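Hi there,

Here is the structure I promised to pass on to you. Have a look at it first, and then read on for what turned up.

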Amino acid sequence: MDLFEYQGKQYFARYDIPVSAGDVALTVDEAVSAAEAAGYPVVVKAQVQVGGRGKAGGIKLAADADEVRHHAGNILGMDIKGHLVERLWVEHASDIDEEYYASFTLDRAAKKHLLMLSAQGGVEIEAVAESDPEAIVKLHIDPVDGLDLATARQAATDAKLPERALDGAADILVKLYRCFTEGDCDLAEINPLILKPTGEVHALDAKVSLDSNAVFRHPEWEAYAATEVLDDREQLAKQNGLQYIGLEGSVGIIANGAGLAMSTLDVVNQVGGTAANFLDIGGGANADVMAAALEVINFDQDVRSIFINIFGGITRGEEVAKGIVEALGRVELRAPIVIRLDGTNAEEGRRILAEAGIPESRLRSEPTMLDAARAAVALAGQN
Amino acid sequence: MSIFVNAATKVIVQGLTGGQGKYHGLRNRDYGTNVVAGVTPGKGGQEVEGIPVFDSVAEAVAATGADASFVAVPPKAAPAAILEAAAAGVGFVVCITEGIPAQDEAKVFNTLVRDYPGTRLLGPNCPGIISPGKCNIGITAGEIALPPSADGPNVGIVSRSGTLTYQALHELKEKGIGVSTCVGIGGDPVPGTNFIDCLREFEADPETHAIIMIGEIGGSAEEEAAEFIAANVSKPMSAYIAGVTAPAGKKMGHAGAIVSGGKGTAQGKMDALAAAGVRVGQNPTEAGELMAEIVAGL
C-alpha cells in the first residue's frame, strides 16, 4: 500500500524524523488555514501518487494568503498524469543549502536490507544511478543486526556528505531504518533529504510503501485504507476479499492461484485478445466466492466474454461447478462464460455444468487453457 | 533418489490441531508420507487420528526422531514456529503459511543462515514438496503427480507458483512422464529455498534426467538461476515464466510478483534462460510439450 506524501510525513513523525510543520487541505480555505498555522512562506503541494508533480505545476511557493488561495485553487482538481488532485499538503517553506537522497528497501537477491544514500538528491535516483552510479552508496544491512549510529555515520561519510551534515544525517538514517523495520515498510524513501543553512538535516519529501501483510500489527494503518486510490471495480473486489487488478481489455479473467491467473492473461494475449482484469479467487472456491468474482467482472462495462480457468488441486472440480451454477442463479451476467476445468474431480465438475441446462451461448467448456482462451477471445470479438 | 525428502523422511506437523494443519497433514499421511507427530503448544498428550501431539518440537523430535517439519500455522506464529524447528535440529522445514510480513521473513532467513546452517527452509507461502510415491509435504494433491519410473527418464520440477506447479505435474502426467521431485519454492520476497538450491540438487540427483523451471515476474531470481544453469547444469531444461502481460507497478497476487523500475519483466527472464540453453515455452502447455520433446530424445 503506497502512502501519499502527507501520510508518509505523518508516519515519519511517529519515528521522530524531522519534517516541516504543515497540514493537509481539501479546500482552498483549509489551505489558507494550514498556511497560517505553518507560517509563511509556505509550499503548496499536490498529493498524488505519481512522480513529476513539480514539472506539472503541482508544487508552488506562496508568500501570503492571497498566493495560497491562487495556487491552491489552481492545483486542486488538476490532472497530473491521470491522477486527480483531491488533497494538498501545505507546509512551511524550508531554506535549503544542499539536497541528498536516502532510502531503505529489501534487496531480494541479497536477502538483506539495503540502504541507498547519495549526496545528489532532489532528482530521480534512477537518473543518478544511470549517469553517476558511484555517487550512490549502497550498504547491505543484516536484519538480525540492524543499523547503528556509527555505521550510519560511516555511510554518510562514504557518500561524501559534508562534515557538518554527518551527525544529523546519521541520526535520521537510524530513525528512518526504525521506521522501515518496525513500521513494516516495503520502501521508506526521503528525496530530498535537505541540509538547512542552520546545519539541521530534514526530510523535505516522504515516499512510503507499506507491507500489507503486516496490517495485523498496525491498527494505525486503518486511516490509510480510507484514502487508497481504487477504481470502482477494485473497490467492489476489495469488499469481497478478492485479489483483483483492473486492466483495459475485453476478456474478464477468473482463475485460482496468482501464477495461473497471470498465465491466463498471457495466454489470452498470445491468441490475440486483451484481458479486462487479473482476478485470483485463491483455493477452495465455493459458490459465494465465485458469485462475488462474477459480480465484480460483471460490473466492468468493457467485458465481452469471461474466461474461468480453474486447475483443481485442493479446489475440487465439482465444487467449482456447483459454485458457477449457483452464481449464475444469483447474478445476471452480461457476457458469456468460457470455462476450462482441470485437475481434481474435473470430469464430475464438467458433468454438473453440462446437466445444469445452461445454454451453450451463455456457458461453454473447453478442454485446455489454449482452447478456452481462443474461444473467449473469439466471443469478445463477436459481441 | 529424490531431492530434500525421500520415503524414509519422518515428518512432524506444527499446527496439526488447527484447520489447515489437520486437513493437509492427514492428506499427506494418507498419501503415504511418514507423519510421525504433531506439535501444538498446550495440547501435548492429545492425538489427531492416531498421530501423537507434543507441546514442543524438541519433545516431538526426541520421541520420534523426526527430521522434517511441516509448518501450517498463521502468519503471526509462523516465524517463531520455523525457528523452533531449527533450534530442535530439524533439517528440513516446509512452511505453507501465506501473509507473513516481509520484515519477519528477512529476519528468519538471516537467523537460519547464521545460527542454524543445518536447517533448510522451503517457503513460506509455498505449496510444498512432493516426491511422487515417496513423500508429500504440503498442499499438493498427490494424485496429479506421476511417480518416477525405475529406468527413467524422469523430470524434476521447481516452481515459484502453486497452481502452475499443479499445471506442470498435470502436463507431464498427461504425457506419461514421471516426476522425481516437484518443489514449490513459493512467491514471497524472501524464500528460504531458491531456484539455484533446487537446480544444484537436481543436477546431482541420479533419478532426475531433465528439469522444468516455472518462474514469474518480479525480482531477479530467474536471471540468477540462468547464470547458474549456464555454468553448472548439464541436464536439459524447459521453462515458463508467468506474467508477460502484467502491467508495471501492480502486485500480481504474490507479494513478490511485481515489475518495478523496468526490472523483473517476464521477457528479460525468458531471454536470460534461453541464453543459458533452456528451452522456453510461451505458456505452461508449451513448456510441457518442449519437455516431452526433450524426454523423447533422452
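Before the findings, one term: a residue counts as buried if 20 or more other C-beta atoms lie within 10 Å of its own, with the C-beta atoms placed from the backbone. Please also keep in mind that this is a predicted model.

Let's begin with chain A. By that cut-off, 47% of the 383 residues of chain A are buried. The C-alpha trace of chain A spans about 80 × 50 × 40 Å along its principal axes. If you go through its secondary structure, you will find 13 helices and 18 strands in chain A.

Now to chain B, where the domains are worth a look. Domain 1 of chain B covers 10-122, and domain 2 of chain B covers 145-296. Their C-alpha centres lie 27 Å apart. Where the two domains of chain B meet, seven residues of domain 1 are in contact with eight residues of domain 2.

Which elements of chain B supply at least two residues each to the side of domain 1 that touches domain 2? They are α4 (102-115) and β7 (120-122) of chain B. The largest share of that side, four residues, comes from α4(B). As for the kinds of residue on this side of domain 1 of chain B, five are nonpolar, two are charged and none is polar.

Enjoy exploring the model!

Best wishes

Technical notes. Residues are numbered from 1 along each chain as its sequence is written. Chains are lettered from A and ligands numbered from 1 in the order in which they are written. This is a predicted model: local features need pLDDT of at least 70, side-chain atom pairs count only at pLDDT 80 or more; totals for chains, interfaces and linings use all residues. Domain bounds come from an automatic or database domain assignment. Ala, Val, Leu, Ile, Met, Phe, Trp, Tyr, Cys and Pro count as nonpolar, Asp, Glu, Lys and Arg as charged, and the others, Gly among them, as polar. A residue is buried if 20 or more other C-beta atoms lie within 10 Å of its own, exposed if 12 or fewer, and partly exposed in between; C-beta atoms are placed from the backbone.
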